[in-house]
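Please work through the following exercises with the structure at hand. Each task is followed by a solution in steps.

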Amino acid sequence: KGKCPKCGAPQRAGHARCPFCTHFYSPEHQKWAIPCKACPQLSAWGQSKCVGCGGWIVVQCLFCQNLSPHNQSGCL
């Protein structure tokens, strides 16, 4: 597990930003963060549910049935 590069707090699983100082854990976390439609939380890539409110942040493809983050333009 990593630490926040700004404040040194331990990294929380599923979070893209530090919940204490709101700094992104890494440039990759910032680039691939998945925003929630229901709350202001950003979840790390690979999460199916928001780490803040627990709402779904993925959608299911109508053709292949795979899940992709809702903010992607097409099925992954």
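**Exercise 1. Determine whether Cys4 is buried or exposed, and whether Cys4 is in a disulfide or in none.**

Step 1. Cys4 has a relative accessibility of 4%. Buried means under 20% relative accessible area, exposed over 50%, and partly exposed in between, with a 1.4 Å probe and protein chains only. Cys4 therefore counts as buried.

Step 2. A disulfide is a covalent bond between the sulfur atoms of two cysteines. Here a disulfide is assigned to a pair of cysteine sulfur atoms within 2.5 Å. The structure holds 0 disulfides. Cys4 is accordingly in no disulfide, the nearest cysteine sulfur, that of Cys21, being 3.5 Å away.

Before continuing, note that this is a predicted model, in which local features need pLDDT of at least 70 and side-chain atom pairs count only at pLDDT 80 or more, while totals for chains, interfaces and linings use all residues. Residues are numbered from 1 along each chain as its sequence is written, and side-chain values use heavy atoms, with hydrogens and water left out.

**Exercise 2. Describe the secondary structure of the chain and locate Trp45 and Gly46.**

Step 1. Helices (H or I, at least four residues) and strands (E, at least two) are DSSP runs, numbered from the N terminus. The chain has 1 helix and 4 strands, in the order α-β-β-β-β along the sequence.

Step 2. Gly46 is in the loop between strand S2 (42-43) and strand S3 (58-60). Trp45 is likewise found in the loop between S2 and S3.

Step 3. Gly46 is exposed because its relative accessibility is 63%, whereas Trp45, at 39%, is partly exposed.

Step 4. Between the C-alpha atoms of Gly46 and Gly14 the separation is 8.0 Å, although these residues are 32 residues apart along the chain.

**Exercise 3. Where do Thr22 and Gln65 lie, and what is the phi of each?**

Step 1. Thr22 is in the segment before helix H1 (27-32). Its phi is near 65°, a positive value in a residue other than glycine.

Step 2. Gln65 belongs to the loop between S3 and strand S4 (67-69). Its phi is also positive, about 70°, although Gln65 is not a glycine.

Step 3. Thr22 has a relative accessible area of 49% and is therefore partly exposed. Gln65, at 43%, also counts as partly exposed.

**Exercise 4. State what share of the chain is buried and what the dimensions of its box are.**

Step 1. Of the 76 residues, 30% count as buried.

Step 2. Along the principal axes, the C-alpha atoms fill a box of roughly 45 × 20 × 20 Å.
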